[in-house]
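I opened the notebook to look at how two chains meet and at what lies inside them. My entries follow the model below.

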There are 2 protein chains.
Amino acid sequence: MGYEFDEDTAVLAAGEGRFEGVVTDRWNIGDRPNGGYLMALGLRALGAVLPHPDLLTVTAHFLRPPRPGPAEVHVEHVRSGRTLSTGEARLCSGQREFLRMVAASTDFDSAEEAAAGLATPPPDLPPPEACERIGGEDSPLTLGVTIAQRLEVRYPPDELGWTRGEPSAEARVRGWIRFADGRPVDPLGLIQFLDGVPPALFAVGMLDPLPTIELTAHVRARPAPGWLAFDVRDTDLVHGYVEETAMLWDSEGRAVATSRQIAKLIGWS
Amino acid sequence: MGYEFDEDTAVLAAGEGRFEGVVTDRWNIGDRPNGGYLMALGLRALGAVLPHPDLLTVTAHFLRPPRPGPAEVHVEHVRSGRTLSTGEARLCSGQREFLRMVAASTDFDSAEEAAAGLATPPPDLPPPEACERIGGEDSPLTLGVTIAQRLEVRYPPDELGWTRGEPSAEARVRGWIRFADGRPVDPLGLIQFLDGVPPALFAVGMLDPLPTIELTAHVRARPAPGWLAFDVRDTDLVHGYVEETAMLWDSEGRAVATSRQIAKLIGWS
């Protein structure tokens, strides 16, 4: 322990399929806790119940924003077979469910490594030391965004026009991400990072809030230590909903996690 | 009624949150019912319970193949807010759950039409009449694939090398799809089509079975009548699992549905 992410996602067993944790306000965007953080809290409880060690796929439906404070996680072990385990988690705050998740885990050691030729290559980025953080204590970009103190995100300097009122033509943000306090990345960290990067609509100058309705993430390999490269794209803004696809590569250049979410653009109609 | 898809996905209310249906063998790939067909069966029951009319997002975890025959669908109405309803369905055959789904619906009429500039354009395909069906009664490509009689799928002639033992370099299949018996497409049909097209690994000559572990689909608009264009890609074959992304466009060229699934390559290790 000792790392913020582990402290803030810790759960305690409190009876058959029941766990207790605390939703902190250290991973907020405005007054809402970040979705990746809440998923990690639920995945801690699922990980304690599912026998296979490696998270493969998780879907989260965000039902309402939770209040900071005590939370309960109710876990159901749905099924285990030889290569897969499936479970469900319901996260509640003050008796009200705020997050429903279904996840499956496997054992990556029981299969061989990647086949050649079907691996998505990492984006072509300047190295992290040549990239820039945004915001800071006095910046409106990170005002009230407590998660910005927990995650260190760096962007290629020539892709930061949107922070200066010069939007790009493409709804895409790319860069590097890691925990600010030096916590090593692991599969739960991947889930946090997938939803911890900014919405790609920011790049085209659409800075409205974009709450996630549903997010599905796939973890494809255990990540190597170091920076993660990310690439996020938004497509198909229709009926006020937008599709967002994110991908992460580890320091060895392997695609280690991907996600797709449907989010609702607030203020758009 | 009268159309095969409606007959085979019909459910009858049988008590509080409980529905009865029948899994037929008319949508099989080998001895396994197709996942999109099973999802449509569950979505019929969910649609009878959720007050918002338009399916927006659905995730399915395939726990085991069901036996053909009677099935029960247990539906939970998780939450309804102003713009969204969320529900869960558990599909059981002989007391054993074979499919767990979580879905959310909305009302597309309550939002305006698509914003310009963020719509994925359809693939550049020859028209359906210049495209070809594959298989047929005597072909090994469709032997035991009863779903091939239910769905009419046509491919650009110059992208069919894989059916003649001349695989492509790219794991991608594209073409046109519709119900063979003339049933008009609707959101449930979109879900069927997203999982009714062939795996894109076929194009690179990998013809092994590829059962779906988890599939998430997003419906983005009510489809116009007529053929649907599809584009399916497989990426990141790692640890025996592959990522598959599919997209559908209606006859007016609008992106109406998309899906991403994680599937397990049987016979690969």
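I looked up the interface and found 58 residues of chain B in contact with 58 residues of chain A, contact being heavy atoms within 4.5 Å. The model is predicted, so I note that local features need pLDDT of at least 70, that side-chain atom pairs count only at pLDDT 80 or more, and that totals for chains, interfaces and linings use all residues. Residues are numbered from 1 along each chain as its sequence is written, chains are lettered from A and ligands numbered from 1 in the order written, and side-chain values use heavy atoms, without hydrogens and water.

Next I looked up the area buried between chain B and chain A, which is about 5,100 Å², with 56% from carbon and sulfur atoms. Buried area is the accessible area (1.4 Å probe) that two parts lose on being put together, summed over both. Of the area that chain B buries against chain A, Leu118(B), Arg220(B) and His239(B) supply 17%, more than any other three residues.

I then looked for charges and found 10 salt bridges between chain B and chain A (a side-chain nitrogen of Lys or Arg within 4 Å of a carboxyl oxygen of Asp or Glu). In one of them, Arg220(B) pairs with Glu243(A), their closest N and O atoms 3.1 Å apart.

Last, I looked up the largest nonpolar core, which has 72 residues, Met101(A) and Phe230(A) being among those with the most contacts inside it. Such a core is a set of buried Ala, Val, Leu, Ile, Met, Phe, Trp, Tyr and Cys residues joined through side-chain atoms within 4.5 Å; buried means under 20% relative accessible area (1.4 Å probe, protein chains only).

Methods
Buried < 20%, exposed > 50% of the residue type's maximum accessible area, 1.4 Å probe, protein only.
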